[in-house]
Amino acid sequence: CCGLGRGSPLGPQLLGILSRGRLIEQVGIGAVIFQELSNNRIKDYVFSWDKVLNFEGETGPYVQYTHARACSILRRAGEDTVKAAKKGFDTSWITGESAHHLIKLLYALPEVIKEDIAPVMGSVHLKDFSAEKFKMTLSGENYEPSIVTRHIVDIAQGFNKFYHDEHILVEYEKEKTAKVALVLAVQTAIKNGLGLLGMKAPEKM
């Protein structure tokens, strides 16, 4: 009735404005959350918007942007390649030093999370652990979320090094599938990690 539906010339513009608004909210709120949880909880620190919103530092926006970059690569790879990567791939195509370092970081993430939350989770098994239960541990006596944020930053930095060093979307399908599988693993790890911290993981930025 207001002329702002999808069929209206203003429809796409309005949707674009709303989408940017959601993104700004996700990045802004996420930046503060990440900064708060990145610092050792028993130490004081000086809050700085310039530092918190820096896309090149060890910040929430940097990690979120890295997640968006991984999503962009997956979109460019195409559904068929992503589906093939999920089914399996030839690990012999993962040969670079930066790729191997990244794999080690990904492999360590579950243990990092387990080590961080174990003191306050009692008998709850890791496989039954959810983001909601994670948030409930915020008041736990031994809870130290900076361990998780630090490792997520390490993964983001490792992925950006891999992105810089490697040509991911190569012509040879088996090699591309293997590298896309690694990108998918990074995207999933960062999304889950940010989710545990109560943050959103934008797919576009």
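## Aromatic pairs: exercises with solutions

The structure, a predicted model, contains three aromatic pairs.

**Exercise 1.** Determine how the rings of Trp93 and Tyr172 are arranged, and which parts of the chain they link.

*Solution.* Step 1: the ring centres of Trp93 and Tyr172 lie 5.1 Å apart, with 50° between the planes. Step 2: planes under 30 degrees apart count as stacked and those over 60 as edge-to-face, so the pair Trp93 and Tyr172 is tilted. Step 3: Trp93 belongs to the loop between helix H4 (79–87) and helix H5 (97–121), while Tyr172 belongs to the loop between helix H7 (146–165) and helix H8 (173–196). The two residues are 79 residues apart, and the pair links distant parts of the chain.

**Exercise 2.** Classify Trp93 and Tyr172 as buried, partly exposed or exposed.

*Solution.* Step 1: the relative accessible area of Trp93 is 30%, and that of Tyr172 is 45%. Step 2: buried requires under 20% and exposed over 50%; therefore Trp93 is partly exposed, and Tyr172 likewise counts as partly exposed.

**Exercise 3.** Describe the pair formed by Phe159 and Phe162, its place in the helix and its burial.

*Solution.* Step 1: Phe159 and Phe162 form a tilted pair, 6.4 Å centre to centre, with 45° between the planes. Step 2: both residues lie in helix H7, and because they are three residues apart, about one helical turn separates them. Step 3: Phe159 and Phe162 are both buried. Step 4: ring pairs join Phe159, Phe162 and Tyr163 in a cluster.

**Exercise 4.** State how many helices and strands the protein has.

*Solution.* The protein has eight helices and zero strands.

Conventions: Residues numbered from 1 in each chain as written. Predicted model: local features only at pLDDT ≥ 70, side-chain atom pairs only at ≥ 80, totals over all residues. Heavy atoms only, no water. Phe/Tyr/Trp six-rings, centres within 6.5 Å; stacked < 30°, edge-to-face > 60°. Helix = DSSP H or I, 4+ residues; strand = E, 2+ residues; numbered from the N terminus. Buried < 20%, exposed > 50% of the residue type's maximum accessible area, 1.4 Å probe, protein only.
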